[in-house]
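These notebook entries follow what I looked up in a predicted model.

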Amino acid sequence: MLNHARPPPRAHARAGAAAVLAPLVGMVAALVVLTATCPLYAAGLHRFALVAGNDTGGADTRPLLYASADARRVHDLFTQVGEVSGEDAHLLLNRNANDFLAALTALESRAAIASSHGERTALIVYYSGHAKDGDLRLGESHLPLGALKARLSKAAADVRIGIFDSCRSGVVSRTKGARRAPAFEIEADGGADTRGVVYLSSSSFDEDAQESDLIGGSYFSHHLVNGLRGSADRSGDGRVTLDEAYDYAYVRTVAETAETTAGAQHPTFSYDLKGNGDLVLTEPSRRREAIVVPASAPAGVYYVISAGVIAAEIVKPARSERRIAMPPGTYTIKRRLADRLRVGEVRVKGGEPVTLDESRLRDAPFTDDPVKGARRELGARVSLGVFGSVQSFLDAPTRDSLFPPTGLVGMELAVRDFLRRDWVWAFDVAFGGSQGTLSRPTVTLPFQFSELSLGTSMFAEWPLFDRRLVPFLGGRLALMVLGRTFDGTEIPKQFFATFSPGLVAGVRYQFAGGFSAVARSRVHYLLYNVEGNRSLGYFEFAGALSYEF
Amino acid sequence: MNRIAIFSVVTLAAAAILANAGCGNYSNEDIDYQTALPVRSDVVVKLPQAQTINDPAKYYVATRDVVKLFNGILDLFLGIIDQARAQPPSQRFEDMRVWGPFNDDKHSDWQIRLVIGRVPDAGVTGLGFRFEYRIEFHRRTDASGRWTLLLRGRFAPSGSARRGDGSFVVDTRPLRDAGFPGGFDDLAAVDMKYQTRDFPVTVAATITNLARPGEATPAAANYSYREQKDGSGEFTFVVHGGATIAVQAYEVQSRWLGSGAGRADVRVTEGLAVLLNAREVDCWGIDTRTTYSRRDFSPGTERTGDENTCAFAAP
C-alpha cells in the first residue's frame with residue numbers, strides 16, 4: 001500500500017525508483033509501460049457519484065455564489081463523460097448533512113451490491129461549499145470531515161475519491177501530510193488492482209477557495225471539470241486520468257488565482273492506494289459531442305464561452321490536437337492575442353463533434369470581449385413586494401397645516417446582488433391619503449390629502465442566521481407628488497412635487513418558499529420651496545410582504 | 001475609485017440637486033388671498049330646479065328667468081376671477097398677491113391681471129385687516145403699460161369656516177372707453193354686497209344698464225337674495241314692462257324651501273293707482289306646479305286652489 005505524503009514529480013519519481021530498486025528495474029519498467037498502456041479506465045469500474053453543493057454555511061459565513069452551480073456542473077460532467085449512470089449519481093443542492101449522509105448510505109449500498117456481483121466499483125464524493133473548523137458546513141448543519149473520511153475509508157467501493165472544493169479544504173489531506181504540488185502520479189505498487197482512497201482539495205489548509213464571476217464558479221471546480229472534459233488529456237489518448245486532471249486543475253488554478261487580491265490558491269491531494277493502473281476518471285473520446293481544435297490551429301488557450309461565462313478552456317499545444325467534450329449548444333470561441341481578440345462561434349450538434357476552423361474567427365478589440373461575467377446571470381435575484389406604511393412629518397405645524405399623517409400602500413421591486421453581493425437596488429411606488437383641516441387666520445378649510453411616491457433605494461444587507469434574518473441599511477431618493485383638495489370650495493387642487501433624499505433601514509425575515517416579511521423605516525428630507533424655503537423631514541414605518549422569484 | 005463609489009457619489013450629487021427641484025402651485029398664505037375672492041356659490045341665487053317643466057307656476061317661471069339672467073351677469077365676472085384663481089400667483093409680496101397678466105380667452109389682444117392686497121382694518125374683529133382686490137385689463141399693443149380697472153372689491157374675512165363680508169363694484173365704462181371690444185351688452189355697472197359670515201347668507205345687488213339715448217338716468221334694477229342653511233331662500237326683484245297696460249312694473253318676492261316648494265308674492269310698483277294695493281300670488285309644490293294662485297291685476301279677483309297648501313304665509 002502506498003501512503004504518499006507528497007509524491008515527487010513524475011520524472012524524479014522514476015529516477016528514484018530506479019536507483020533504489022535496481023533489481024526490479026525491468027519489472028518497474030514493465031509496470032510503467034503497463035500503467036501507460038493499460039489504465040484503469042471506465043469500462044472496468046462501476047462508478048457511483050455523490051455530488052453536493054451548498055451556497056450557505058451557517059451564520060458565521062458569507063454565502064457563496066456558485067457552490068451549487070459547481071455541483072451541478074460536476075454532476076453533469078460525471079453523467080456525461082464520467083461513465084456514471086443517472087441512477088448511480090446523486091445531486092444534492094443546498095441540502096443538509098443528514099441528506100448528505102443518507103445519500104452516501106444509499107450509494108454505499110448500491111456499491112456493495114455491485115461488488116457482491118463481482119464488479120469493481122468506484123465511489124466519487126464531491127462537495128462544494130463552506131468548510132470550517134474541521135467540518136463541512138451544509139447550511140446550518142455540520143459534517144465532521146474526520147467522520148466522513150473514516151466513512152470513506154471503510155466504504156465498500158474499491159476506489160473512493162473525495163473531492164472537496166471549499167475554504168481550507170486542504171485540511172482533508174493535511175493529516176496525510178499532503179502538500180501543494182504541481183503534479184502527482186498514482187503509481188501501482190505491484191498489486192493486481194487499484195484500491196484505496198484519493199482526496200483532492202481545492203485549497204491548502206490555510207487558504208480560501210475563490211470564486212470568479214467570469215467563469216461563474218470556483219476556480220478549482222471550473223478547471224477540474226474543464227480538464228476532465230478533455231483539456232487535461234495530456235497523453236491524447238481520449239481519457240483523462242486522475243493525475244492528468246489534478247495536474248491540469250492545479251496549474252490553471254494557481255495561475256489564475258495568483259492575479260487575484262486573495263492571492264494564489266493551491267489545490268492539494270493525498271491518496272492511500274494500492275494496486276496497478278492509473279485511475280481514469282473520464283473518457284471524453286467516448287462522447288461524440290465535442291469541440292476539436294485541430295493540430296494545425298495556433299497554439300494557445302481557447303476559451304469556450306456560453307452566456308457570457310467561460311464554460312471551458314482548451315489549452316492547445318503546438319502541432320497537437322485537443323478535444324473537449326461539450327454538450328450540444330452554440331458557443332463563442334475566444335482566443336486572446338497580444339493586441340486583439342480572435343472571436344467566433346461554433347455549434348455543437350447532437351451526436352457529432354465540431355472542428356474549430358481558425359479562419360472563421362474574426363478579429364475583435366478587447367472592448368468586445370464576449371466574456372461578460374456571471375453575476376447578473378447567476379447572482380441577481382428579483383423580488384416583488386407589497387407594503388403598507390404610515391408616514392408623518394416631524395414638525396407639528398407641517399403636520400397640522402400642510403401634510404397630515406398619511407397611510408400609504410404600495411409595491412416594491414427589488415433586485416439583489418445586481419451591483420454587488422448583498423446590495424439591493426429597489427424601486428417602489430406608493431399611494432395614499434388622509435383628511436385634514438387647514439386653519440388659517442382668515443378661514444378654516446377641511447381638505448383631502450393625497451400622496452404619490454416613486455422611489456429608488458440602494459441598501460446593503462447583512463444576512464444572519466442562515467440568511468433567515470436580514471437587517472439592511474441604505475439610502476433612498478423619492479419623487480413625491482403631494483396634493484390637497486379643498487372640497488366644496490372654488491380653490492383649485494393644491495400640489496407640491498419634489499425629490500426627497502433619505503435613509504432606509506429595516507429587517508427582513510425570510511420564510512420558506514421565497515416569501516419574506518419586512519419591517520422598514522425611512523427618514524427623509526424634503527425642501528418645501530413654495531413661498532420661501534422650508535427644510536422638512538418625515539419618517540415612515542412600513543410592513544411588507546415580498547416574494548423572490 | 002470603483003464603480004460602486006462612483007455610483008454612490010453620482011447618486012448623492014443627484015439627490016442633492018434634485019432635492020432643490022421642488023415645485024408647487026400655491027402656499028397656505030396664498031389661500032388667504034384666494035378665499036378673499038367671491039366664489040360663485042357665495043353670490044349666485046340657488047333656486048331649486050323643477051322636477052318637471054310641465055305647466056309650472058307662472059311666477060316660478062318669472063323667478064327662474066330672472067335668476068338665470070342675474071346669475072349670468074355674475075358669472076361674467078366670477079369667470080374672470082375663477083380663471084385667475086385657477087393659477088398660482090405670479091407675484092408674491094408681503095401683503096399682496098398678483099395673478100397674471102394672463103391672456104383673455106375671448107379677446108386675444110387683451111390681458112387680465114388680478115391684484116389682491118391685505119390692508120389694515122381695525123373694524124374687522126379678531127383680525128384687524130381686510131382684503132381689497134381689483135381686476136384690470138391691458139391691451140397688449142398699448143405700450144404705455146396702462147391698466148384699466150373693471151372690478152374693484154373688498155372682503156372682510158370672518159376667520160371661521162364661514163367666510164365674511166364682501167362687496168364689489170363693476171364699471172364697464174372705462175373699459176369700453178379704452179376700446180375693449182365688448183361682451184357686456186348694455187351692462188354699465190354692478191354694485192354688489194354680500195355676507196357669508198352667518199346664515200342667512202345675504203346678497204344685495206344693483207345692476208345698471210347703459211343709458212339709452214334720451215334717457216335721463218340709466219335703467220337700474222335692485223335684487224335681494226337671502227339663503228338659509230337648509231337650502232331655503234328668498235329672492236326679491238322688480239320686473240319692468242308690464243304684465244298689462246295697467247301694470248308698468250311689479251316687484252316679485254319669491255320664497256322657497258329646500259325641497260323646491262315655494263311662494264311668490266307680487267305687487268305693483270308702477271302702474272295704475274288702483275292696482276297699487278293689488279296682489280298676485282303663486283304657490284307651487286316640489287314639482288313647481290301651482291297649488292294656489294291669486295290674480296288681482298286683471299279686473300276681478302281670481303283664486304284657484306287652497307292657500308293653506310302654500311309653503312309660506314303671506315308676507
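**Entry 1. A sheet in chain A**

In what order do the 3 strands of the open sheet with E4, E5 and E6 of chain A stand, and is the pairing parallel or antiparallel? I found the order E4-E5-E6, with antiparallel pairing. Strands, like helices, are DSSP runs numbered from the N terminus, with at least two residues (E) for a strand and at least four (H or I) for a helix. Two strands pair if DSSP finds at least two bridges between them.

I noted that strand E4 (130-132) and strand E6 (141-144) of chain A are at the edges with a single partner strand each, so one side of each has no neighbour in the sheet. From one strand to the next the twist averages 35°. Between E4(A) and strand E5 (residues 135-138) of chain A I read 3 bridges, and the two run antiparallel. Ala131(A) has Leu136(A) in E5(A) as its bridge partner.

Two helices pack on this sheet. Helix H4 (residues 97-116) of chain A touches E5 and E6 of chain A, at about 45° to the direction of E6(A). Helix H5 (residues 145-154) of chain A touches E4, E5 and E6 of chain A, and its direction makes about 50° with that of E6(A). For such angles, axes are lines fitted to C-alpha atoms, for helices over the stretch in contact, and the angles run from 0 to 180 degrees between N-to-C directions. Contact here is defined by C-beta atoms, placed from the backbone, that lie within 7 Å.

The model is predicted: local features need pLDDT of at least 70 and side-chain atom pairs count only at pLDDT 80 or more, while totals for chains, interfaces and linings use all residues. Residues are numbered from 1 along each chain as its sequence is written, and chains are lettered from A and ligands numbered from 1 in the order in which they are written.

**Entry 2. Cores and a covered helix**

Which members of the largest nonpolar core touch the most others? Among its 90 residues, these are Tyr126(A), Ala245(A) and Val304(A). Helix H3 (residues 67-81) of chain A gives the largest share of this core, 7 residues. A nonpolar core is a set of buried Ala, Val, Leu, Ile, Met, Phe, Trp, Tyr and Cys residues joined through C-beta atoms within 7 Å. A residue is buried if 20 or more other C-beta atoms lie within 10 Å of its own, exposed if 12 or fewer, and partly exposed in between.

Apart from this core I located another, of 58 residues, including Ile112(B) and Phe235(B).

I then checked helix H8 (residues 242-257) of chain A. H8(A) is mostly covered, with 13 of its 16 residues buried.

**Entry 3. Where the chains touch**

The contact takes 30 residues from chain A and 32 residues from chain B. The side of chain B that touches chain A has 14 nonpolar, 11 polar and 7 charged residues. In this count Ala, Val, Leu, Ile, Met, Phe, Trp, Tyr, Cys and Pro are nonpolar, Asp, Glu, Lys and Arg are charged, and the others, Gly among them, are polar. Strand E27 (residues 494-510) of chain A is joined to E1(B) by 2 bridges, and the two run antiparallel. There Phe496(A) stands opposite Gly24(B).

**Entry 4. Chain B**

Chain B has 5 helices and 16 strands, and 32% of its 315 residues count as buried. E3(B) and E4(B) form a hairpin with 6 residues between them. E4(B) also pairs with strand E5 (residues 129-139) of chain B in the antiparallel sense, over 11 bridges.

**Entry 5. Backbone exceptions**

Most residues other than glycine have a negative phi, and most peptide bonds are trans. I recorded a cis bond from Gly100(B) to Pro101(B), with omega near 10°; Pro101(B) is placed in strand E3 of chain B. Another cis peptide bond joins Phe199(B) and Pro200(B), with omega about 0°.

Arg319(A) has a positive phi near 55°. Is Arg319(A) buried or exposed? Arg319(A) counts as exposed because it has 9 C-beta neighbours inside 10 Å.
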